[in-house]
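Subject: Structure handover

Hello,

I am passing on the structure below, followed by notes on what was found in it. Please read the notes with the structure open.

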Amino acid sequence: QVQLVESGGGLVQPGGSLTLSCTPSGSIFRKYTMGWYRQAPGNQRELVATITPANRVNYADSVKGRFTISRDNARMFLQMNSLKPEDTAVYYCNTDRLNWPWGQGTQVTVSS
């Protein structure tokens, strides 16, 4: 069973930057389209960005131009720039089809 570990969250001021990492166990990761998701309090979990094994990317309109998703053979990343208070959420990674159990997520708080 693949386990997902997210890291890199924290408290940042509006306009600041953070880089999140996702480390799935096992090498099967490379075959899947992966995604970053987020869930704010009281909201449903939403898809933020996806990246295919061939590095094709797609973004939710709310983060286009500010977030960049990337991957290497072992991990996936989310570079977040120009952060806004509405980006505050717990961020998770998974495949685009939610093949694996959710990890614990990493909290991102954007506040002055």
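Y37 has a relative accessible area of 7%, under the 20% cut-off, so this residue counts as buried. Please keep in mind that the model is predicted. Y37 belongs to strand 4 (residues 34–39).

There are three aromatic pairs in the model. In one of them, the ring centres of Y37 and W102 lie 5.2 Å apart with the planes at 90°, so the pair is edge-to-face. The two residues are 65 residues apart and come from distant parts of the chain, W102 being in the loop between strand 9 (89–95) and strand 10 (106–110). W102 is partly exposed, at a relative accessible area of 34%. Together with Y92, Y37 and W102 make up one aromatic cluster.

W102 also has a charged neighbour: R45 lies over its face, 4.0 Å from the ring centre. A further contact of this kind involves R71, whose charged end sits over the ring of F29 at 4.6 Å from the centre.

The other topic is strand 8 (residues 76–80). Four of its five residues are buried, so the strand is largely enclosed by the rest of the structure. Strand 8 pairs with strand 3 (residues 18–24) in the antiparallel sense, over five bridges. Strand 7 (residues 67–71) is also antiparallel to strand 8 and is joined to it by five bridges. Strands 7 and 8 form a hairpin, with four residues between them. L78 in strand 8 stands opposite L20, and L78 is also the bridge partner of I69.

Regards

Technical notes. Residues numbered from 1 in each chain as written. Predicted model: local features only at pLDDT ≥ 70, side-chain atom pairs only at ≥ 80, totals over all residues. Heavy atoms only, no water. Buried < 20%, exposed > 50% of the residue type's maximum accessible area, 1.4 Å probe, protein only. Pairing = 2+ DSSP bridges. Phe/Tyr/Trp six-rings, centres within 6.5 Å; stacked < 30°, edge-to-face > 60°. Lys NZ or Arg CZ within 6 Å of the ring centre and 35° of its normal.
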